[in-house]
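Student: Let us go through some labels one by one. For each, I want the value and the cut-off behind the label.

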Amino acid sequence: MNAEMGEWVKYLILASSLAVLVISFGIGVWAQKKVTSPEAFFGGAKIFGPLTVGLATMAAVGSAFAVVGVPGLVYSTGNTILLFMFAAPGFVFGYLVIGKKVRAMAEIGTVASLGDLADLRFNGHRGIKLILSLMLFIGCAMYLSAQVEACAKLFENLFEWNKLVISVVIFAILIAYTVLSGEIGGILTQAFQGFVIVLAGLIFTVAFFTVTGGFEPVLAAISDSRGGAADLDPAAMTAWGSLPGVYAFAWVMLPTLGIMCQPQVLTRIMMLRNPRELPKLSLYAVSTNVITGMMVMAIGYCAIFLAANGLVEIDHPDKAVFKVADYLGLVAQLFVYPAVLAAALSTSSLFLSLAGNIVSRDLPGSFGITIDPVRQVTVSRIAMSVMGIAAIGFASASGDMVAILGTYGFGTLAAATFPIFIIGLLWKGATSRGVMTGMLAALLATVSGVTVELLNRFGHTDFAWPGGVPWYVFVMATAILVSIAASLLTTRDLLDRRVEMAMDL
Amino acid sequence: MKNGRTDTLLIIVSGLLWLAMVGLAAAGHWFAGLFALLALLLVYGVLGSSHKGQFDLKLVAFPSLVWIVMWAAAFWVGNHYAELYAGREPDFTVFGFHPSFAAIVVLFWIVPTLLMGFGFEAVKDRWLSQERWDEFLRRAHDTDDGNDGEDRS
C-alpha cells in the first residue's frame, strides 16, 4: 500500500477512475438505442466518422499494454519497446495497402465479424472459419489477461485490494455495458476512452519536462554513478535499448506488419461511413498514437530519472507508471489512473465483443449451424461473460508482465489474420485450401509456442528459440509461408465476381 | 506496370523475404533482418497499389517508398552511433537524446509519421477517387441483381 499518499487523495483518484467507468457505462446504455439490428450489435453498422473511428482504434490498439507495460519496460530495459510504440507509420501503411479492399468487402455482403469477411473471401470455407475462431479466441484470452493484470496493478497500488476482487468488479461493469450495446457502444466508449488517454498523454508530457528539465538530464542521470547505484544500464538509452538486439528486430517487425491485420484495425475499417475518409481516420489514429507514444516515453524516462536520483523506488516495472504519477502529485494522478483504466477498458470491450462474435456466429457457422440472429445476441452476451471470467483466471495463472502478455496476444492475432486478410486480399491466388493449411500450421505453432513458454516458466525445460527471436515471430512466418506454398500447389478458387471487384479496387 | 502473373511472382518474393528476414534474425543477424523487412514492406506496398490489373508505382513511390528510405536511414544512423558509443557516454546529444536514439525519434517516428499521415491525405484521390468508389458500388449492386455491370470477356 502506498503509505505516503493521504486517504482522501486515494479516494479522489478512485472517484476519477470510477468516473471513467460510469461515463463508459452511460455511453453504453445510451448507445443501446442505436442497436437497430443484430448485425449492428455485432459490428455491421457503417455509420461512424473518421474522428470516432480513429480515436476508438487508437484506444483499442493502445491498451493497458501501452500505458502500463511499455513505461515499465522503458524503465527496466530502455528504448527497445519504444520501437514498438513508434511504428505509427505502419498504421497508415496498413490503411493504404488493404483499407479500401476491406471496406469494399463490407459493401458486398453482410459483414459484421472477421468470420463473415473470411467467408466472403474464401467462399464460406468452414475450416478457415473454425481455425480463425480458435486462434482469435486464444489471442483474445492473452490480450484480455493483459488488461486484467493492468487493472489489478492499478488498484493494488492504491488500496492493496485483492487482485481477484478488483478484476471481477471492473470486468462486471465492463461486461454489463458491452453486452447492452455490443460493438456500437464499444466503438463510442472506446472513442471516449481514447480521448481520456490523449488528455493524460498531454498532461504527462508537460509534467515530464517540468520535473526532469528535458531528455538530457535523464541521459546524464543514467550514464553517471547515479544510474549504476540504482542498477540502471546506460545502454538503455541507445537506439536499441539494453535488451538483446533481436528484440529490437521483433518489436519493429511485429507492429509494422501486424498492425494492418489486427482485429482492432480491421473491424473498425468496416464501421467507417465512407472509405474515402480512411486517410483522415489514419491521421487521427496516428496523431493520437504519437501523443500516447510521447506519454509512455515520458513516464518511462521520468521513472529512470526519479529512480537514479533516489526519489522513488520501483520494485516491479509494471508499477513504474503509478510510482511516477504518485511522485508528480494530484493532477497527474487524477489523469493517469483513469487513463490506465480507459486503456484497459477500451481493449477489453473490443476483445469481449470479438469473443462474443466468435462463439455466437463464427464458431457455429464453421460447423454449419445457423443460430437465429436474435438468439445470437443472447449467446454472444453469455460468451462475453464467460470470456471475461476466463481472462481473469488466465491472468492469475500466468503471472506474466503486462507488456509481455500484450505482445503474445498481438503476435497470435497477427498469425491468425495475416494469411486470410492480407495475403488473401492482396493475392487472388491465395486458395482456401492453401490458407486453411497455413492456418492449421499457425494453430499448431501457437499451441507449441505457448506450451514451450509455459514449460520454460515452470522450469521443466530451458529451451531457447533460435537467435532469441520471440516465438510468435516464428508462428507468423510459419502461417504465411505455409499459406503461400500450399496455395501455389493447389488449384485456384473460383472467386465471386464482387469479391474480385473489391480486390481490384 | 501490368499485373498478370506479377502478383503471384511478388507473393513468392514476399515469402522468400519472410524466410530471409526471420532466418537472418534467428541466425543472429537481426540488423540485416530489419532491412529484409523494409524490402518486404515495399513488396506489400506494390501489391496494395494494384487496381484492375495494374500496379500504380507513383502511389508506391510517394509516400510509402520515401517512408521506407527514411526507416533505412534511421536504422543505419541509429546503429552507427549505438556501436560508436557502446559502453560509454556519447560526446554529444541531439535534443537531449543519445545520438543513436535521436535518429530513431526523428527518422523512424516523428517525420515518417507526419509524412505518411499527410502524404496519404495528399494522394487520396489517386488512391480511391469518388468516381471509382461510386463505380464499384454500382457494379457490385448490378452484380447482386444478376448483371455484373461489365463485359468479362
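Student: Leaving aside its neighbours within four places in sequence, which residues is L505(A) in contact with?

Tutor: L505(A) is in contact with K100(A), K101(A) and A104(A), and with H51(B), L128(B) and F136(B). Contact means that the C-beta atoms of two residues, placed from the backbone, lie within 7 Å. This is a predicted model: local features need pLDDT of at least 70 and side-chain atom pairs count only at pLDDT 80 or more, while totals for chains, interfaces and linings use all residues. Residues are numbered from 1 along each chain as its sequence is written, with chains lettered from A and ligands numbered from 1 in the order in which they are written.

Student: What makes L505(A) count as buried?

Tutor: The neighbour count. A residue is buried if 20 or more other C-beta atoms lie within 10 Å of its own, exposed if 12 or fewer, and partly exposed in between. L505(A) has 22 C-beta neighbours inside 10 Å, so it counts as buried.

Student: Where is L505(A) found?

Tutor: In the segment after helix 20 (497–504) of chain A. A helix here is a DSSP run of H or I with at least four residues, a strand a run of E with at least two, and both are numbered from the N terminus.

Student: How do you know whether F95(B) counts as buried or exposed?

Tutor: F95(B) has 11 C-beta neighbours inside 10 Å, so it counts as exposed. F95(B) lies in the loop between helix 3 and helix 4 of chain B. F95(B) is not a glycine, yet its phi is positive, about 55 degrees.

Student: What makes helix 14 of chain A mostly covered?

Tutor: In helix 14 (residues 320–328) of chain A, 8 of 9 residues are buried. They include V321(A), F322(A), K323(A) and D326(A). The buried residues pack against helix 3 (50–77), helix 7 (126–159), helix 8 (163–212), helix 13 (278–308) and helix 15 (330–366) of chain A. Just after helix 14, G329(A) takes a positive phi of about 110 degrees.

Student: Which residues have the most contacts inside the largest nonpolar core?

Tutor: I304(A), V340(A) and A355(A), in a core of 256 residues. A nonpolar core is a set of buried Ala, Val, Leu, Ile, Met, Phe, Trp, Tyr and Cys residues joined through C-beta atoms within 7 Å. Helix 7 of chain A gives the most to this core, with 21 residues. Not counting residues up to four places away in sequence, V340(A) touches A64(A), V67(A), V68(A), A150(A), L154(A) and V321(A).

Student: Why are helix 5 of chain A and helix 13 of chain A called roughly antiparallel?

Tutor: The axes of helix 5 (residues 88–105) and helix 13 of chain A cross at roughly 160 degrees, coming within 9 Å. Axes are lines fitted to C-alpha atoms, for helices over the stretch in contact, and angles between N-to-C directions run from 0 to 180 degrees. Under 35 degrees is roughly parallel, over 145 roughly antiparallel, 65 to 115 roughly perpendicular, and the rest oblique. Helix 5 and helix 13 of chain A are therefore roughly antiparallel.

Student: How do you know that helix 19 of chain A is roughly antiparallel to helix 1 of chain B?

Tutor: The axes of helix 19 (residues 471–489) of chain A and helix 1 of chain B come within 10 Å and cross at roughly 155 degrees. That makes helix 19 of chain A roughly antiparallel to helix 1 of chain B. Residues of helix 19 of chain A, including F474(A) and I484(A), meet residues of helix 1 of chain B, W18(B) and L19(B) among them.

Student: What classes make up the contact of helix 19 of chain A with helix 1 of chain B?

Tutor: It has 10 nonpolar, 1 polar and no charged residues. Ala, Val, Leu, Ile, Met, Phe, Trp, Tyr, Cys and Pro count as nonpolar, Asp, Glu, Lys and Arg as charged, and the others, Gly among them, as polar.
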